Amino acid sequence: MLRFILMRLGKAAIILIAIMTLNFFLIHAAPGDPAAVMAGEAGAADAKFIAQLREQFGLDKPLLVQLGIYLKGVLQFDLGFSYRQQMPVSQLILDRLPATLLLTMTAFVISLLLGTMAGVLASARVGKWSDTAISSLALLFYATPLYWAALMAVLLFSVYFNWLPGFGYETVGANYTGLARALDIGRHLILPATTLGLFFMAVYMRMTRASMLEVSQLDFVKTARAKGLKSSIIQRRHIFRNAMLPVVTLAGLQAGQLVGGAVLTETVFAWPGIGRLMFEALAQRDYNLLLGVFFVSAAMVLLFNLITDILYRFVDPRIRVA
Amino acid sequence: MMDSVTEPVLQIRDLKIALPEGADRDFAVDGVSYDLNAGEILCIVGESGSGKSMSANATMGLLPELVRPVGGEIVFEGKDVLKLSDSEMIDLRGRKIAMIFQEPMSALNPLMRVEDQIAEVFEAHNLLTPRERKRRAVELLTEVGIPDPSKAARAYPFQLSGGQRQRVMIAMALALEPKILIADEPTTALDVTTQAQILELIRNLQETHGMAVMFITHDFGVVAEIADRVAVMQYGKIVESGTADEVLDNPQHPYTQKLIAAIPKLAAEPSEVPADKAPILEVEGLNKTYVTGGGMFFSNARVVHAVNEVNLTLREGETLGIVGESGSGKSSVGRCLVRLMDPDSGTVKLAGQDMATLTGSALREARKSIQMIFQDPYASLNPRSKVGQIIAEGPMAHGVSKTEAYSRAVKLLELVDLDALAIERYPHEFSGGQRQRIGIARALALEPRVIIADEAVSALDVSIQAQVLDLLADLKERLNLALIFITHDLRVAAQICDRIAVMQKGKIVEMGPAHAIFDNPQNAYTRTLIEAIPGREKELAAAG
């Protein structure tokens with residue numbers, strides 16, 4: 001097991017370096033660089049000033065040399081310096097990480113719990129109106145563009161009904177502390193987390209429903225019935241456990257997006273997380289910051305891939321022992 | 001044989017079970033009546049679609065959805081089972097009537113340990129404490145003869161062999177000492193030697209526990225081994241019933257007569273292929289090893305020597321049987337010969353040219369001459385292609401024009417006794433036997449010199465099987481083909497093969513003329529295989 005994990009970590013490191021190299025060239029292939037953007041904003045877009053900035057940021061060196069310097073830094077756990085924000089990249093990311101994780105993990109839990117519950121429910125009532133209702137709703141969530149759902153949610157629950165705050169992480173200027181602050185953040189969290197979770201909720205629902213129905217046709221379910229087991233036990237112990245295997249894979253995929261998958265939601269809801277940081281960095285051609293964010297989100301995907309595989313060994317004895 | 005106990009424990013009277021609309025007939029079971037007596041083994045025999053499993057499933061309340069009983073009664077302990085409430089039915093299942101199924105691979109929950117699955121039977125009926133349940137599980141596993149029962153109890157199903165899993169199923173069924181054991185094709189998925197053991201086990205347990213056994217099978221050989229009484233079903237009706245000896249030795253109904261006549265006889269005729277015919281296929285030193293688990297980074301990889309130094313020769317016009325049990329490597333040999341799989345070493349000379357090392361266009365060209373027919377007539381035809389395309393595809397890939405390829409496809413369909421209109425239809429519109437004919441036509445389309453038939457009749461009912469075997473023999477003659485016939489079924493091998501190679505664990509342990517293999521087997525394993533063939537003793541006795 002330990003050997004398995006070490007091997008996988010080794011492979012992950014190689015993949016990560018490959019991803020970083022690719023990202024590096026992709027970013028540099030886009031027109032414009034931070035020097036040009038900063039000079040433009042300063043209203044002093046003359047060639048000499050830009051050249052001076054480029055030299056200062058190290059952008060005048062050949063690309064390969066720049067890549068070498070960057071990767072060397074990464075290997076020493078140094079993600080570089082954001083000249084734009086005048087702060088180390090790692091500091092910037094760490095500042096924003098908690099807000100993002102709070103949002104994405106809440107969305108993750110909501111979608112996983114509600115999605116599988118709805119899927120189990122629908123499969124138990126297959127063909128009845130409740131199944132049709134759940135399935136149609138899932139299809140709607142599945143097909144609705146995230147930004148539209150987000151805007152509609154704000155319009156409905158925040159602007160029209162005025163039940164929930166429509167943007168931000170907490171009430172600015174209220175200076176709540178302790179439980180009051182937690183509740184305040186919680187209220188702010190509801191809309192973005194639900195919106196973000198809708199898509200995956202629909203996916204879990206559809207997957208769980210299909211998987212439950214498929215497993216319930218298998219021979220061992222008939223064996224369980226032939227034993228005289230009650231159908232509630234058969235559902236839970238025999239069908240549900242086996243039906244969850246593909247859902248675990250899917251959950252691993254979603255978990256991989258915990259860091260990088262909320263750009264749109266954070267932008268719409270003005271959530272002070274990594275997604276917005278990435279969006280700003282992109283607009284400003286903040287190379288180091290952008291690469292830093294990519295690095296963390298790529299690492300997260302790889303990490304959760306590994307966790308899924310380890311988890312699989314626990315849920316499925318065939319993988320563990322074989 | 002039966003003792004004098006003839007009191008029925010189960011009475012089925014005029015049972016009618018309706019099929020959903022759009023099925024090929026209205027009733028799966030149409031007015032069936034029979035008794036199951038205490039202490040007897042009753043075999044319900046029939047081909048697929050005869051409705052033989054339906055009355056058993058109805059007795060357990062386990063009919064598929066949409067299939068429902070619409071008339072008659074099933075009387076057990078004075079009550080009509082069909083009228084029981086859900087909770088009464090649950091109480092009956094497992095405790096009074098237990099059931100085992102065909103596929104031991106899929107009949108156990110893959111995520112639960114064996115002991116937990118056995119313990120569930122007690123739990124379902126609120127018996128014993130959790131600790132006692134596990135202790136009973138080990139006792140039951142001991143009774144059904146699993147080696148190292150306490151270890152098997154802790155195992156997951158995938159860690160056991162097919163025969164062991166079926167023993168686990170039987171242990172589960174015995175747990176609450178039911179009055180009736182229903183066995184639905186329990187040995188069909190097992191190898192012949194394992195089958196013999198399981199049949200003996202069921203026979204012994206039936207005697208020691210005094211159960212009544214309802215044994216559903218398609219195999220008259222199995223009937224001869226185990227049945228006290230027999231009921232033969234066709235299209236949802238019982239066409240004939242009686243004691244095993246009556247039905248087997250003196251069948252009255254034409255359908256029973258036809259079924260019994262279709263069973264391949266165990267005696268092989270001497271080969272008619274002259275020994276001086278030129279070899280078309282020469283295989284020397286063939287090896288293939290599978291490595292599973294671990295991959296390149298791990299040391300605990302499992303290595304299976306699937307094909308181990310195999311040598312064989314196939315002459316023009318000859319049929320060579322490769323027989324063996326599952327895992328013997330017989331299919332791996334076939335796949336290496338057509339290069340669906342690359343052998344690790346060895347030569348495969350097809351008309352003098354070594355197939356084993358060819359690549360690219362030379363391999364494609366050579367492949368025309370050696371074609372394969374597969375086991376599963378459902379999975380081996382692309383469901384999205386019309387039959388015409390399936391047959392014409394090969395020749396077209398080799399440069400034959402479309403019109404030419406399709407007109408040849410029509411001729412081939414006629415050759416395998418199918419209507420020419422079939423080219424416009426899809427595979428799902430055909431029965432299993434017809435699909436296997438399509439598979440044969442596809443193999444013939446490239447005008448091969450050698451055909452490898454891998455369990456080509458194993459998925460077919462015995463009467464269809466006989467037709468396909470006749471067709472193959474006829475085509476071989478007319479087209480001067482050489483045939484390698486891979487099978488687990490020694491009866492089939494006896495009927496069709498000139499020579500037979502017996503494989504065990506990747507090696508050919510014995511090879512020789514078919515009649516010599518059956519009349520005077522030299523190898524101990526060959527003898528075990530032949531002795532395990534169900535119905536053999538009865539056949540020998542009948543032959544005198």
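Into which domains is chain A divided? I started my notebook with this one, and I found domain 1 (16-78) and domain 2 (97-321); the bounds come from an automatic or database domain assignment.

**Ground rules.** I am looking at a predicted model, where local features need pLDDT of at least 70, side-chain atom pairs count only at pLDDT 80 or more, and totals for chains, interfaces and linings use all residues. Residues are numbered from 1 along each chain as its sequence is written, while chains are lettered from A and ligands numbered from 1 in the order in which they are written.

**Entry 1: the two domains of chain A.** I looked up the centres of domain 1 and domain 2 of chain A, taken over C-alpha atoms, and they are 36 Å apart. I then checked contacts (C-beta atoms, placed from the backbone, within 7 Å). Twelve residues of domain 1 of chain A meet eleven residues of domain 2 of chain A. On the domain 1 side, helix H1 (2-29), helix H2 (34-41) and helix H4 (63-75) of chain A each supply at least two residues. I take helices (H or I, at least four residues) and strands (E, at least two) as DSSP runs, numbered from the N terminus. H1(A) has the largest share of that side, six residues. I sorted the domain 1 side into nine nonpolar, two polar and one charged. Here Ala, Val, Leu, Ile, Met, Phe, Trp, Tyr, Cys and Pro count as nonpolar, Asp, Glu, Lys and Arg as charged, and the others, Gly among them, as polar.

**Entry 2: chain A against chain B.** I found 20 residues of chain A in contact with 27 residues of chain B. Helix H9 (219-226), helix H10 (231-256) and helix H14 (317-321) each give at least two residues to the chain A side, and H9(A) gives the most, with six. That side of chain A has eight nonpolar, four polar and eight charged residues.

**Entry 3: a record for chain A.** I read in UniProt (unreviewed entry) that "transmembrane region" is placed at several stretches of chain A, including 136-161 and 243-269. Such annotations may be inferred rather than shown by experiment. In the model, I see 88% helix and 0% strand over residues 136-161 of chain A. Residues 243-269 of chain A are 74% helix and 0% strand, with end C-alpha atoms 35 Å apart.

**Entry 4: chain B.** I noted 20 helices and 20 strands in chain B. Its C-alpha trace spans about 70 × 55 × 50 Å along its principal axes.

Notes:
Two residues are in contact if their C-beta atoms, placed from the backbone, lie within 7 Å.
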